[in-house]
Every structure is written in C-alpha cells, then in structure tokens.
Amino acid sequence: PSRHDPIAAALRRRPGKWAVVLEGVPTTVAGALAYRIRQGKGPFAPGGSFEARCVGGVGASDAKIYARYVGGAS
C-alpha cells in the first residue's frame, strides 16, 4: 500500500471537487507529485483519471498541490 492511498480514496469519494492534497513543500516536490497524479501512478491509476496542479513560485518552499478525481476505471 502507498501512503497516498487515503488521498486517492478521498478524492474518488468527491468526484470533480478540487482539494489540497499537500502543502508546504518545495515546488520541485510538489511538481513531481502533481505529475505522478496526472500520469496515474500508484493509487492514482489509471492515467487521466485525476487532474493535479502545483501552485507556488519557482524555487519556493511552500508550494501546494491541488487535485481532483475526474473519472475512469477504479
């Protein structure tokens, strides 16, 4: 099991609703996780069933990741 399983499950229970899934991290970390969510890695499979955005300035250490479930096979 992934530490992100609870996050993916919570997003699936609220389809179409954006939520902050991580905050207070460097933009490099936030960007990498947002990419993994969009690509459908781990509990966020299949690819394309989640949308994710990283919000924070270049080099910032307090970025946030917003994500939502948009559908697809569970």
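Visitor: Which residues does Leu 11 touch, leaving aside residues up to four places away in sequence?

Guide: This is a predicted model. Leu 11 is among the residues with the most contacts inside the largest nonpolar core. Leaving out residues up to four places away in sequence, Leu 11 touches Lys 17, Ala 19, Val 21, Phe 50, Ala 67, Arg 68 and Tyr 69.

Visitor: Which elements give two or more residues to the largest nonpolar core?

Guide: That core has 16 residues, and those with the most contacts inside it include Val 21, Ile 37 and Ile 65. The elements that give two or more residues to it are α1 (5–12), β1, α2 (27–39), β2 and β3.

Visitor: In what order do the 3 strands form the open sheet?

Guide: The pairing in this sheet is antiparallel. The edge strands, each pairing on one side only, are β1 and β2. The order is therefore β1-β3-β2.

Visitor: At about what angle does α2 run to β2?

Guide: Both helices can be described against the strands. α1 lies across β1, β2 and β3, and runs at about 50° to β3. α2 also lies across β1, β2 and β3, but its angle to β2 is about 170°.

Visitor: Which residue in β3 stands opposite Phe 50?

Guide: β2 and β3 pair in the antiparallel sense, over 6 bridges. Phe 50 belongs to β2, which spans residues 50–55. Its opposite residue in β3 is Tyr 69.

Visitor: Are the planes of Phe 44 and Phe 50 stacked or edge-to-face?

Guide: There are 2 aromatic pairs. In the pair of Phe 44 and Phe 50, the ring centres are 5.2 Å apart and the planes stand at 90°. Planes over 60 degrees apart count as edge-to-face, so this pair is edge-to-face.

Visitor: How many residues apart in sequence are the parts tied together by Lys 64 and Glu 23?

Guide: The side chains of Lys 64 and Glu 23 meet in a salt bridge, at 3.8 Å from N to O. Lys 64 lies in β3 (residues 63–69) and Glu 23 in β1 (residues 19–25), so the parts they tie together are apart in sequence by 41 residues.

Visitor: Is Arg 68 buried or partly exposed?

Guide: Arg 68 meets Glu 51 in a salt bridge of 2.7 Å, N to O. Buried means under 20% relative accessible area. Arg 68 has 21% relative accessibility, so it counts as partly exposed.

Note on methods. Residues are numbered from 1 along each chain as its sequence is written. This is a predicted model: local features need pLDDT of at least 70, side-chain atom pairs count only at pLDDT 80 or more; totals for chains, interfaces and linings use all residues. Side-chain values use heavy atoms; hydrogens and water are left out. Rings of Phe, Tyr and Trp (its six-membered ring) pair if their centres lie within 6.5 Å; planes under 30 degrees apart count as stacked, over 60 as edge-to-face and the rest as tilted. A salt bridge is a side-chain nitrogen of Lys or Arg within 4 Å of a carboxyl oxygen of Asp or Glu. Helices (H or I, at least four residues) and strands (E, at least two) are DSSP runs, numbered from the N terminus. Buried means under 20% relative accessible area, exposed over 50%, partly exposed in between (1.4 Å probe, protein chains only). A nonpolar core is a set of buried Ala, Val, Leu, Ile, Met, Phe, Trp, Tyr and Cys residues joined through side-chain atoms within 4.5 Å. Contact means heavy atoms within 4.5 Å. Two strands pair if DSSP finds at least two bridges between them. Axes are lines fitted to C-alpha atoms, for helices over the stretch in contact, and angles run from 0 to 180 degrees between N-to-C directions.
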